[in-house]
Amino acid sequence: MEKFSCYFKILIFIILITSCFLIANSKTLKPKKPCKQLVLYYHDILFNVTITNSANATSANVSNPPNVLGDYNFGMLVVFDDPITEDQNLVSTPVARAQGFYLYNMKSKYNAWFAYTLVFNSSEYCGTLNIMGADIIDQKTRDLSIVGGTGDFFMARGVVTFSTDAVEGLGYFRLKMDIKLYECY
């Protein structure tokens with residue numbers, strides 16, 4: 001019994017030392033001010049096979065025709081190369097291109113999952129931001145993760161908040177993107 005008591009005391013001592021070490025070296029997760037913030041507009045013009053708009057289309061459904069798997073485009077995969085502007089005007093000079101895909105992944109309501117890269121090639125910024133996450137379309141604002149970047153955005157981490165700015169049927173939508181970077185190098 002005495003031997004057990006000695007082992008127990010040693011175990012408690014090790015746990016106590018380990019806990020103190022972890023507490024002393026842990027980072028506290030406090031919301032802080034972003035090191036960089038941008039507000040940009042994402043313009044998507046979906047190619048429509050019934051109305052020939054291939055000259056203007058910036059995205060295309062590459063998987064299945066709409067409504068085959070339900071009323072919410074479940075399973076539809078869209079690949080895009082969309083212009084990104086500093087204002088709401090589609091014909092403004094793009095400051096970046098959004099290149100990637102989104103897919104509709106719910107059968108009960110409209111919900112999309114995005115994975116794309118913002119490719120900047122302007123006089124103000126040069127580089128990329130990699131963005132991914134769920135876009136729960138019926139919510140007023142949606143947060144997606146910024147998981148990396150290159151160039152002016154080397155190893156950036158942060159959040160992009162989507163809000164739907166305009167919708168014109170199934171062929172065009174515009175998102176306001178409030179980009180907040182919390183890790184900048």
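**Confidence, folds and labels**

Guide: Confidence is lowest in helix α1 (residues 2-25), with a mean pLDDT of 64, and highest in strand β7 (residues 141-151), at 96. pLDDT is the predictor's confidence in each residue, from 0 to 100. This is a predicted model, so local features need pLDDT of at least 70 and side-chain atom pairs count only at pLDDT 80 or more, while totals for chains, interfaces and linings use all residues. Residues are numbered from 1 along each chain as its sequence is written, and side-chain values use heavy atoms, leaving out hydrogens and water.

Visitor: What is the mean pLDDT of the protein?

Guide: The mean is 85, and 79% of the residues reach 70 or more. Where pLDDT is low, the predicted coordinates should not be read in detail.

Visitor: What makes a run of residues a helix or a strand?

Guide: Both are DSSP runs, numbered from the N terminus: helices are H or I with at least four residues, strands are E with at least two. The protein comes to one helix and nine strands. From the N terminus, the order is α-β-β-β-β-β-β-β-β-β.

Visitor: Why is Arg-174 called buried?

Guide: Buried means under 20% relative accessible area, exposed over 50%, and partly exposed in between (1.4 Å probe, protein chains only). Arg-174 has 14%, so the label is buried. Arg-174 sits in strand β9. Of the 185 residues of the protein, 34% count as buried.

Visitor: Which backbone oxygen lies 3.1 Å from a polar atom of the side chain of Arg-174?

Guide: That of Gln-88. A polar contact is a pair of N or O atoms within 3.5 Å; within protein, one must be able to donate a hydrogen and the other to accept it, and residues adjacent in sequence count only if both atoms are side-chain atoms. Arg-174 also touches Tyr-41, Tyr-42 and His-43, among others, not counting residues up to four places away in sequence. Contact means heavy atoms within 4.5 Å.

Visitor: Why is Lys-176 called partly exposed?

Guide: Lys-176 has a relative accessible area of 31%, so the label is partly exposed. Lys-176 also lies in strand β9. Its contacts, leaving aside neighbours within four places in sequence, include Val-39, Leu-40 and Tyr-41. Lys-176 and Val-39 are 137 residues apart in sequence, yet 7.1 Å apart in space, C-alpha to C-alpha.

Visitor: What makes a set of residues a nonpolar core?

Guide: The members are buried Ala, Val, Leu, Ile, Met, Phe, Trp, Tyr and Cys residues joined through side-chain atoms within 4.5 Å. The largest such core has 32 residues, of which Tyr-42, Leu-118, Met-177 and Ile-179 touch the most other members. Among the elements giving two or more residues to this core are β1 (36-45), β5 (112-121) and β9 (172-183). Beyond four places in sequence, Tyr-42 touches residues including Phe-80, Tyr-102, Phe-114 and Met-177.

Visitor: How do you know that Cys-35 and Cys-184 form a disulfide?

Guide: A disulfide is a pair of cysteine sulfur atoms within 2.5 Å. Here the S to S distance is 1.9 Å, so the pair qualifies. By this rule the count comes to one disulfide. Cys-35 lies in the loop between α1 and β1 and Cys-184 in the segment after β9, so the pair ties together parts that are 149 residues apart in sequence.

Visitor: Why is this disulfide called right-handed?

Guide: The torsion about the S-S bond is about 80°, so the disulfide is right-handed. Cys-35 is partly exposed at 44% relative accessibility, and Cys-184 is partly exposed at 34%.

Visitor: Why is Lys-32 called exposed?

Guide: Lys-32 has a relative accessible area of 52%, so the label is exposed. Lys-32 is in the loop between α1 and β1. The backbone oxygen of Tyr-182 lies 3.3 Å from a polar atom of the Lys-32 side chain.

Visitor: What is the phi of Asn-73?

Guide: Phi is positive, about 60°, although Asn-73 is not a glycine. Most residues other than glycine have a negative phi. Asn-73 is in the loop between β2 (59-61) and β3. At 10% relative accessibility, Asn-73 counts as buried.
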